[in-house]
Amino acid sequence: MNRTATVLLTALAPVSWGTTYAVTTELLPADRPLFTGVLRALPAGLVLLALARVLPRGVWWGKAAVLGALNIGAFFPLLFLSAYRLPGGMAAVVGSVGPLLVVGLSALLLGQRPTTRSVLTGVVAAFGVSLVVLKAAGELDPVGVAAAFASAASMSAGTVLTKRWGRPEGVGPLALTAWQLTAGGLLIAPLALFVEGAPPALDGRAVAGYLYLALANTAVAYWLWFRGIGRLTATQVTFLGPLSPLTAAVVGWAALGQSLTPVQLLGMGLAFGATVAGQRRPRGAGTVTVTGRPSAVPRATAVR
């Protein structure tokens, strides 16, 4: 499969995540974000685990737990906490610094030197997202801001570590995704029970919403995401992230009757342009074999 096809398939993950807000507000019980996080992650992980039929071995028990905590177990609660405590769209704005965090972490952990182009592209992406989602400013809650930044940092670290560690020999992205979703779901479950109490009663609409979130929005989307991390650079993958708030804005306009202002349209153009620009491979990147699979890393790193 060529790189363009890989990028397009990976992009389906943040596009799917962009529908989460509409599904949550229209179909699911109100004020149960942690319960929603559990039902997104744990059933999806168990389904994929049954399909993959592969368990971690040796050090990968620990690695899977760390990746599951960063990409799922910590990311979901922090994201929901920021969304509840910040004024409209501010959580997405703070979270849009993710590409810049990945650029920095890639320099530290992958030996990929940050370029002026990647930094500027990250700034443009964040600015574009802010134009799309930022509403009238209110008083910023320090805890909300900290949670939004921590959620972005958690996902960014998980993305870069996923790239650094690769996968065990003979293990595909399906199993790696299953391990992380299961570990993340198990991490959130006791927190949800402690904070929110017993699970709520579910009607048919809620069941349909949770099925969509668990299967399409999480199992398939995260499989595509981690598959993409294995075939693209960490920076390329994270620059697909702005597609999530852009999709949310389009779904809100098309399905929920929300309006799009000229400023929002300008922001969408800037963020989408930055997403496309972020798919250009850095100069000097080559392909080497890491744990039995191709991985794009700088040539200088490969020969050290």
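**The nonpolar patch and its surroundings**

Tutor: Valine 47 is found in helix α3, helices being DSSP runs of H or I with at least four residues and strands runs of E with at least two, numbered from the N terminus. This is a predicted model, in which local features need pLDDT of at least 70 and side-chain atom pairs count only at pLDDT 80 or more, while totals for chains, interfaces and linings use all residues. Residues are numbered from 1 along each chain as its sequence is written, and side-chain values use heavy atoms, with hydrogens and water left out.

Valine 47 has a relative accessible area of 38% and is therefore partly exposed (buried means under 20%, exposed over 50%, partly exposed in between, with a 1.4 Å probe and protein chains only). Together with Leu51, Leu202, Val207, Leu211 and Leu215, Val47 forms a nonpolar patch with about 510 Å² of accessible area. Patch members have over 30% relative accessible area and no salt bridge, and their nonpolar side chains (Val, Leu, Ile, Met, Phe, Trp, Tyr) are joined within 5 Å; areas come from the Shrake-Rupley method.

The salt bridge (a side-chain nitrogen of Lys or Arg within 4 Å of a carboxyl oxygen of Asp or Glu) joins arginine 32 to glutamate 196, with the closest N and O atoms 3.5 Å apart. Arginine 32 lies in the loop between α2 (20–27) and α3, and glutamate 196 in helix α10 (residues 173–196), 164 residues apart. Arginine 32 is buried at 15% relative accessible area, and glutamate 196 also counts as buried, at 18%. Overall, the protein has 15 helices and two strands.

Definitions and conventions
Patch = residues over 30% accessible without salt bridge, like charges linked within 9 Å, V, L, I, M, F, W, Y side chains within 5 Å. Areas by Shrake-Rupley, 256 points an atom, 1.4 Å probe, with all protein chains shown as cover.
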